[in-house]
Amino acid sequence: MEKTDFFDEYLRGKMSQKDKELFEKSLDENEATKANFLNYQAAIELLKYDGLKQEVRNAHRQFKAEKTKTFDFPVVKIAVVVVFGLLSLSVLWAGNTNGDELLTELPIHYIEPNNRGANEEKAQAELLYLRNDFKGVIDIFQTSKAPNEKLVFLATMSFYNTNNYEKAIELISQNENKQMASSFDNEYEFYKCQSFIGLNKYADALKVIEKMNNQNPYKQSYNWKYLAKIKILALKERLF
Amino acid sequence: MALFTLNRENDIIEKIKNNIEINACLKYLYKEYYGFLERMVLNNSGSKEDAEDVIQEVFLAVLQIIQNDKFKGESSLKSFLYAVAKNIWLVKIKKQKAEHKRLNIWIEENPEFDADINDQIKKNEALELISDVLGSLGTVCKDILSRFYYENLSLKEILPFTEFENEQVLRNKKSKCMKALTEKLEQKPFMRESLYKALKIF
C-alpha cells in the first residue's frame with residue numbers, strides 16, 4: 001500500500017480506530033511523514049480549489065452566453081411585433097376598404113365630348129346631356145335608327161351616369177367589337193373600368209386598367225392609392 | 001422572502017455543502033444574484049469588467065465557505081453574498097490603490113461573517129498564487145486527481161473515464177500523479193509556506 005493511500009484513508013475517515021491512532025502517532029513523531037502529509041493536504045486543497053474554480057468559470061461562461069441570447073430575443077420580439085402590427089394594420093385597412101369611394105374619388109373627371117366626333121344628327125342629345133338630362137339622351141338613343149358615334153358615346157355616358165353599368169359596358173363592348181378607332185376610345189376604356197367598379201367586379205376592372213393603353217391620359221391619372229384599393233378589392237373578391 | 005425561495009435556497013445550500021449539482025446551483029446563483037452583485041460593484045466605483053471578476057470570486061468563495069460549513073443559514077443567502085462581495089471588492093480596491101471615495105456606500109451588515117470571509121479570501125489568494133503547478137501536471141494526471149479529490153469519486157468510478165486496464169494500474173497512476181504534484185509544491189517553498197499559513201495547516 002502506497003503512502004498516499006494511507007493519507008487518503010485517513011482523510012476520508014476509512015481507517016480503523018487502531019490504524020488512525022497509529023497514523024497520528026507517526027505524524028507526531030516523524031517530521032518527514034508530517035511534512036509529506038501537510039504537503040499532501042495542501043495539494044488536495046489546491047485540487048478542490050481548482051475544481052470549484054472551473055465550475056464557476058463554466059457557469060459564468062454559460063450565463064454570459066445566455067445573457068447574449070436574451071439580449072437578442074427582444075430584438076426578434078420587437079421585429080415580430082412590428083411585422084405583426086403592420087400586417088394587422090394592412091388587414092384592417094383592407095377589411096375597411098370598399099369600392100364606394102372609387103366612383104366618387106375619380107383621379108380625373110370626365111372629359112366633356114364638346115367639339116369631338118361627328119356632329120350630332122340630333123343636336124338635342126348633346127344639349128340634354130350637358131343639362132344632365134340623361135334619361136332624355138337615352139330616349140333619343142333608343143329611338144334612333146342609326147345612332148352615330150357621338151350619340152352612342154353620349155348614350156353610354158348617360159347609362160353610366162344613371163348607374164346602369166351593365167348597359168354602359170354592353171355599349172362599350174359593342175364599340176370594341178367594331179374594331180374601329182373612335183374619338184372616345186380613351187373614355188370608353190376608363191368608363192368600362194368604372195362601370196365594373198360600379199358592379200363590384202374589381203378583378204375585371206383591374207384587368208381593364210392593366211390592358212389600358214399607356215397613352216390614355218386616364219391611365220396616367222390613376223394614383224398608387226387608387227390602384228392599391230382596386231387590387232385589394234380584387235383580391236378580396238377572389239378570396240371570398 | 002417567499003417560502004418557495006427560502007426552501008429553494010436551503011436546498012441549494014445543502015447541495016453545495018455536499019458538492020452535488022454544483023453547476024445547477026451556480027446557475028441559480030447567477031440568475032438570481034448576478035444583477036444584484038453587479039450593481040453593488042458598479043455603485044462602488046467598479047466597472048463592468050471588475051464586476052465580472054468580483055462576482056466569479058464571490059461565488060467561488062461562497063461555495064468554499066458553505067462547503068467548509070462556515071455558513072449555516074443564520075442570515076439570508078443574499079445578505080451573505082453581499083458580505084462576501086463587499087470584502088472581496090474592498091481587498092481589490094486596496095490592491096488597486098484606488099480612491100476610497102465611494103466606499104462608504106457599503107452598508108455594514110452581518111460583520112460576524114467578515115472574519116470567515118477574509119480567511120477564505122486569503123486562502124484563495126494563496127491557492128491562486130500556486131495554482132500554476134496544476135497546469136504543468138499533464139491532462140491525464142489532472143483529470144484523475146480532480147475526479148478523485150474534487151468530485152470525490154472512487155477509483156472504480158474513475159476507471160471508465162480512463163484508458164487504464166484495471167483499478168490497480170489506475171491506483172498506481174494516481175499515486176504517481178499525487179507524488180508529482182506534491183513535489184512541484186515543494187519546489188515553491190515560499191508560496192507553499194504562505195499556503196500552509198492561509199490554510200492553517202501546521
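Which pattern does chain A follow when it is read along the sequence? Chain A follows the pattern α-α-α-α-α-α-α-α-α-α-α-α. The model is predicted. The points below take up the chains, the aromatic rings, the pockets and the cavity.

**The two chains**

- Chain A contains 12 helices and 0 strands.
- Of the 240 residues in chain A, 40% count as buried.
- Chain B contains 10 helices and 0 strands, and its pattern along the sequence reads α-α-α-α-α-α-α-α-α-α.
- Of the 202 residues in chain B, 45% count as buried.

**Aromatic rings**

- Over all chains, the structure holds 23 aromatic pairs.
- In the pair formed by A:Tyr160 and A:Tyr165, the ring centres are 5.6 Å apart and the planes stand at 65°, so this pair is edge-to-face.
- A:Tyr160 has a relative accessibility of 8% and therefore counts as buried, the cut-off being under 20%.
- A:Tyr165 is also buried, with a relative accessible area of 11%.
- A cluster joined by ring pairs brings together A:Phe7, A:Tyr10, A:Phe23, A:Phe37 and A:Tyr40 with B:Phe148 and B:Tyr149.

**Charges over rings in chain B**

- B:Lys174 lies over the face of B:Phe148, at 4.2 Å from the ring centre; B:Phe148 also belongs to the cluster of ring pairs.
- B:Lys78 lies over the face of B:Phe36, at 4.7 Å from the ring centre.

- The buried residues in H7(B) are B:Cys141, B:Ile144, B:Leu145, B:Ser146, B:Arg147, B:Phe148, B:Tyr149 and B:Tyr150.
- Two of these, B:Phe148 and B:Tyr149, take part in the cluster of ring pairs.
- After H7(B) comes B:Asn152, which has a positive phi, near 65°.
- B:Tyr82 has its place in helix H4 of chain B, and B:Tyr82 is buried, with a relative accessible area of 11%.
- B:Tyr82 and B:Leu37 are 45 residues apart along the chain, while 7.2 Å separates their C-alpha atoms.

**The largest pocket**

- The largest pocket holds about 760 Å³ of space.
- Its lining comprises 24 residues, and those nearest the centre of the pocket are A:Ile44, A:Glu45, A:Lys48, B:Asn68 and B:Tyr149.
- From chain A, helix H1 (3-11) and helix H3 (31-96) each supply at least two residues of this lining.
- From chain B, helix H3 (48-67), helix H5 (114-130) and helix H7 (139-150) each supply at least two residues as well.
- H3(A) gives the most to the lining of the largest pocket, with 6 residues.
- By class, the lining of the largest pocket has 9 nonpolar, 9 polar and 6 charged residues.
- Why does the largest pocket lie between domain 1 (3-100) and domain 2 (114-200) of chain B? Both domains give residues to its lining, so the pocket lies between them.

**The second largest pocket**

- The volume of the second largest pocket is about 420 Å³.
- This pocket is lined by 16 residues, of which A:Tyr49, B:Glu57, B:Leu60, B:Lys92 and B:Glu128 are the closest to its centre.
- H3 of chain A gives two or more residues to this lining, as do H3, helix H4 (77-96) and H5 of chain B.
- The lining of the second largest pocket divides into 7 nonpolar, 2 polar and 7 charged residues.
- Domain 1 (3-100) and domain 2 (114-200) of chain B each provide at least three residues of the lining of the second largest pocket.

**The cavity**

- Rolling a probe the size of a water molecule over the atoms shows where empty space is left.
- The count comes to 1 cavity of 30 Å³ or more.
- The largest cavity holds about 30 Å³ of space.
- Its lining is formed by B:Lys70, B:Asp116, B:Asp119, B:Gln120 and B:Lys123.
- By class, the lining of the largest cavity has no nonpolar residues, 1 polar residue and 4 charged residues.

Definitions and conventions: Residues are numbered from 1 along each chain as its sequence is written. Chains are lettered from A and ligands numbered from 1 in the order in which they are written. This is a predicted model: local features need pLDDT of at least 70, side-chain atom pairs count only at pLDDT 80 or more; totals for chains, interfaces and linings use all residues. Side-chain values use heavy atoms; hydrogens and water are left out. Rings of Phe, Tyr and Trp (its six-membered ring) pair if their centres lie within 6.5 Å; planes under 30 degrees apart count as stacked, over 60 as edge-to-face and the rest as tilted. Buried means under 20% relative accessible area, exposed over 50%, partly exposed in between (1.4 Å probe, protein chains only). A charge sits over a ring if NZ of Lys or CZ of Arg is within 6 Å of the ring centre and within 35 degrees of the ring normal. On a 1 Å grid over the protein atoms alone, a cavity is a set of points where a 1.4 Å probe fits but cannot get out, and a pocket is an open set with protein on both sides within 12 Å along at least five of seven lines; lining residues have an atom within 4 Å of a point. Grid points are joined across faces, edges and corners, and a volume is the space filled by probe spheres set on the points. Ala, Val, Leu, Ile, Met, Phe, Trp, Tyr, Cys and Pro count as nonpolar, Asp, Glu, Lys and Arg as charged, and the others, Gly among them, as polar. Helices (H or I, at least four residues) and strands (E, at least two) are DSSP runs, numbered from the N terminus. Domain bounds come from an automatic or database domain assignment.
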